[in-house]
Structure formats: structure tokens, C-alpha cells
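Here is a short report on the structure shown below. Keep the model open while reading.

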2 protein chains.
Amino acid sequence: MTKTATSRRGPRPNLYTRDNLIIAGINMFHSVGYSATGIKDIVEAAGVPKGSFYNYFDSKEAFGKEVIDCYFNNAFCDAKRFFDDRNHSPIERLKFYFENRIRVFRENSYDLGCLMGNFCLEIADHSKQIRDRLTFHFKTWCNLIENCILEAQKSQEIKNNSPARLLAEFTLNSWEGCILRMRADKSEKPLYDFIKIIFNNILT
Amino acid sequence: MTKTATSRRGPRPNLYTRDNLIIAGINMFHSVGYSATGIKDIVEAAGVPKGSFYNYFDSKEAFGKEVIDCYFNNAFCDAKRFFDDRNHSPIERLKFYFENRIRVFRENSYDLGCLMGNFCLEIADHSKQIRDRLTFHFKTWCNLIENCILEAQKSQEIKNNSPARLLAEFTLNSWEGCILRMRADKSEKPLYDFIKIIFNNILT
């Protein structure tokens with residue numbers, strides 16, 4: 001007799017276990033940090049037995065890589081909504097994108113910040129695997145901003161003729177720095193300072 | 001008979017124990033992170049018995065506060081050497097300061113970064129005590145940059161008439177963001193992008 005779903009022993013496998021672990025990972029790494037979160041904490045938060053973790057991931061590092069991929073993919077889809085909106089000019093799209101992020105940070109009382117940035121400072125030195133994913137995602141994120149700037153330069157909405165890639169890279173990096181300062185000051189002022197300088201002094 | 005130094009039992013107290021613990025704390029929090037470093041690691045690195053730690057500090061958090069104070073004070077003294085050098089114009093002083101920081105990061109293979117920034121992302125959400133120190137030190141650091149920008153605006157070396165405080169805050173925050181990206185990419189490019197944009201587009 002072949003083994004069927006009904007004849008197997010033990011609890012029925014949960015098809016969503018892998019996703020649940022990753023979602024728990026995003027939440028816990030974001031709120032508590034990578035080092036401060038153990039695999040035990042993650043499986044408890046996901047409501048699965050500890051053994052299950054290693055059915056899906058070889059190590060905490062491999063799991064961290066999947067977590068940052070999932071986090072970035074969600075953030076990227078969110079960003080695309082703004083960057084693909086052809087009802088607005090490129091500069092407006094950029095501004096609306098950053099202003100929406102500020103709204104989200106306000107709702108979170110200026111805690112948490114950006115998991116990409118958090119991972120850069122907490123893990124990038126120690127894991128090439130995770131570092132490579134961060135670099136890859138930053139490039140993808142930067143492409144969105146660069147394309148928007150290029151379009152604005154072509155239409156003369158931006159007259160600054162510095163290379164669009166340079167402007168995009170700096171915009172993204174300075175944004176991460178302003179989020180960092182927001183975390184210390186628990187204030188949106190660094191984020192609005194960013195809006196002022198980027199849109200009045202750089203992307204002009 | 002009064003108890004003299006020669007009559008006491010146990011090892012001779014090391015007058016430098018407190019300083020040694022703080023130096024070990026700076027090194028370990030910088031290289032491994034706050035959460036990943038236990039008090040056991042710190043006392044071992046400082047070469048002192050675990051009990052000694054609590055003779056000097058009430059908690060890891062109180063210790064973290066002292067560590068960030070010491071780290072910042074050292075960094076501030078270092079910065080002052082550049083900002084007080086009247087042989088150079090304000091813009092030159094600023095540029096030399098940041099270029100020197102890039103040199104130090106290069107020597108460290110783009111690891112470690114800035115402990116102020118690391119603490120912002122790792123601990124600021126969880127410790128008001130440490131967060132308040134970060135905010136205080138950022139203000140002090142920013143004053144240095146603001147005074148330099150004010151002087152340059154007065155002499156027309158900088159013609160951008162945005163408030164010097166806004167320019168200084170953004171300069172400092174964007175610098176932290178470029179360090180963050182340096183950590184991911186293990187490259188000084190984000191730091192030189194910063195130099196280009198700050199000195200060609202903002203402080204002009």
C-alpha cells in the first residue's frame with residue numbers, strides 16, 4: 001500500500017510554513033535586530049516546531065538572505081506603484097514616493113527604519129552572502145530612481161546635468177542616512193530636511 | 001593596624017580597569033555589534049574578572065552609554081584638528097575632514113563604519129538612555145559643521161543661502177548614509193559620490 005496523505009503520522013505539513021518563517025523573520029529582524037533574534041524566537045513567532053526551520057533553511061545566514069530578498073521585493077513593489085504612475089511628472093513621482101515613506105515611518109513612531117539599512121550596519125561585515133544581496137537590491141532600487149531622474153533631465157524638469165546615476169546613488173544613500181538620524185531623534189525632521197535639500201539643491 | 005595596600009588580599013586593583021572595559025567595549029561593539037557582544041566577552045577582552053564590570057557599570061545599557069560617550073569624544077577631538085585649522089578656508093577644512101575619514105575607512109577595508117550610526121540602527125529604538133546620548137552627540141558634531149558653513153557663507157565661499165543648520169544637518173546625515181552603503185558595497189565610491197555632490201551641488 002502506498003503512503004497517502006491520510007496515512008502519514010504526525011501533524012499535517014503546513015504548506016505555508018516557509019512563508020510564515022520568513023514573515024516572522026522580517027518582523028523580528030526589523031524590530032529586535034538580526035543578532036538579538038535567535039532561530040528559537042523565529043520558530044516560536046511562526047508557530048512551528050524548531051526542527052522545521054532546518055527543513056527550509058541551512059542556517060540563520062541563509063535564512064537572513066531569504067528574509068532580505070522578501071523584504072526588498074515587497075518594498076520594491078510598493079515603490080513601483082509610485083515610479084510607474086504616469087499621471088505625475090518624474091520629480092513628482094520621486095517626491096510622492098519619499099513622502100509616502102515618511103508617512104509610514106510616522107505611523108511606526110520613527111522606529112524600525114529600513115531593514116536594508118539595518119542589515120548593512122549589523123551584518124554586512126560578517127556575511128558575504130547577505131552583503132551581496134544588499135548590494136544587488138541597492139542597485140535595483142537605484143535603477144528606479146536613476147530612470148526617473150534621466151526622464152526628468154530629458155524633459156528639463158531637472159537642469160542639473162550631473163550623471164543621473166551619481167544623483168540617484170547619492171539620493172538613495174543620503175535617504176538611508178536621514179532614516180538613521182530619524183531613529184536617534186525619533187523625529188521626521190531629518191526626512192523633511194532630505195526633501196528640502198534633494199528637491200531644492202540637487203534635483204533642480 | 002590599618003589596612004595597607006600591601007596587607008590586602010587578592011589581586012591588586014587595576015586603576016585602569018574602567019578605561020580598559022570601555023576600550024574593549026568600543027572595539028567589540030564596533031566590530032561585532034552591541035547585541036552580539038556579551039558582558040562576558042567584554043571582561044575577557046579587557047582581561048578582568050566578570051564581577052569587576054558591575055563595580056563600574058550598573059548594566060550593559062549604562063556601559064553602552066559610556067562607550068558611545070568615549071567613542072564620540074575621541075572622534076570629536078579628531079574632527080576638531082581639522083575644523084580648528086585656520087591655515088585653510090572653511091570649505092577646505094570640511095573637505096579635508098571628510099577625506100581623512102575616507103582614508104581611515106580605506107585602512108579598515110570599509111568595515112566597522114561609524115559606531116554612532118551603528119548604535120542608531122541597533123539600539124536607538126530600545127534604549128532611551130543611549131538614544132539621548134546619540135542625539136546630544138549628533139548636535140555637537142553638527143555644530144562644528146554648521147559653524148564652518150556659516151563662516152563660508154559670510155565670506156561668500158559658499159553662496160548657497162539656505163540656513164547653515166539645515167545644510168549641516170543634511171551633510172552629516174547623508175554622510176552617515178554613504179558610510180552605510182560603503183559597508184554593503186565594501187567600496188569608497190559612495191563616500192566619493194558624497195564629496196562630489198556635497199561640494200559641487202550643495203555647499204557651493
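## Contacts around B:Asn100

Contact here means heavy atoms within 4.5 Å. By that rule, B:Asn100 touches B:Asp78, B:Arg81 and B:Phe82, leaving aside residues up to four places away in sequence. The model is a predicted one.

B:Asn100 is found in helix 5 of chain B. Is B:Asn100 buried or exposed? Its relative accessible area is 11%. Buried means under 20%, so B:Asn100 is buried.

## Chain A as a whole

Chain A has nine helices and zero strands. Read along the sequence, the pattern is α-α-α-α-α-α-α-α-α. The C-alpha trace of chain A spans about 75 × 40 × 30 Å along its principal axes.

Chain A holds 204 residues, and buried residues make up 52% of them. Take the contacts in chain A with a separation of 6 or more: residues 24 or more positions apart account for 67% of these.

## Helix 4 against helix 6 in chain B

Helix 4 of chain B covers residues 60-83, and helix 6 of chain B covers residues 115-122. Their axes come within 10 Å. They cross at roughly 150°. Angles over 145 degrees count as roughly antiparallel, so helix 4 and helix 6 of chain B are roughly antiparallel to each other.

Which residues make the contact? Helix 4 of chain B supplies B:Gly64, B:Val67, B:Ile68, B:Tyr71 and B:Phe72. Helix 6 of chain B supplies B:Leu115, B:Met116 and B:Phe119. Seven residues of this contact are nonpolar, one is polar and none is charged.

## A:Arg86, an exposed loop residue

A:Arg86 lies in the loop between helix 4 (60-83) and helix 5 (90-107) of chain A. Its relative accessibility is 57%. The cut-off for exposed is over 50%, so A:Arg86 counts as exposed.

What does A:Arg86 touch, not counting residues up to four places away in sequence? The partners are A:Arg93 and A:Glu151. The side chains of A:Arg86 and A:Glu151 are joined by a polar contact of 3.1 Å. A:Lys50 is 36 residues from A:Arg86 along the chain, and the two C-alpha atoms are separated by 47 Å.

## Positive phi in two loops

B:Tyr110 is not a glycine, yet its phi is positive, at about 65°. B:Tyr110 sits in the loop between helix 5 (90-107) and helix 6 of chain B. The relative accessible area of B:Tyr110 is 13%. That is under the 20% limit, so B:Tyr110 is buried.

A:Lys186 is a residue other than glycine with a positive phi, near 50°. A:Lys186 lies in the loop between helix 8 (164-185) and helix 9 (189-202) of chain A.

## Where the chains meet

The size of an interface is often given as the accessible area lost when the parts come together. Chain B and chain A bury about 3800 Å² between them. Carbon and sulfur atoms carry 60% of that area. How many residues are in contact? The count is 47 residues of chain B with 47 residues of chain A.

Three residues of chain B stand out: B:Leu121, B:Phe170 and B:Arg181. Together they supply 18% of the area that chain B buries against chain A. That is more than any other three residues supply.

Methods:
Residues are numbered from 1 along each chain as its sequence is written. Chains are lettered from A and ligands numbered from 1 in the order in which they are written. This is a predicted model: local features need pLDDT of at least 70, side-chain atom pairs count only at pLDDT 80 or more; totals for chains, interfaces and linings use all residues. Side-chain values use heavy atoms; hydrogens and water are left out. Axes are lines fitted to C-alpha atoms, for helices over the stretch in contact, and angles run from 0 to 180 degrees between N-to-C directions. Helices (H or I, at least four residues) and strands (E, at least two) are DSSP runs, numbered from the N terminus. Angles under 35 degrees count as roughly parallel, over 145 as roughly antiparallel, 65 to 115 as roughly perpendicular and the rest as oblique. Ala, Val, Leu, Ile, Met, Phe, Trp, Tyr, Cys and Pro count as nonpolar, Asp, Glu, Lys and Arg as charged, and the others, Gly among them, as polar. Buried means under 20% relative accessible area, exposed over 50%, partly exposed in between (1.4 Å probe, protein chains only). A polar contact is a pair of N or O atoms within 3.5 Å; within protein, one must be able to donate a hydrogen and the other to accept it, and residues adjacent in sequence count only if both atoms are side-chain atoms. Buried area is the accessible area (1.4 Å probe) that two parts lose on being put together, summed over both.
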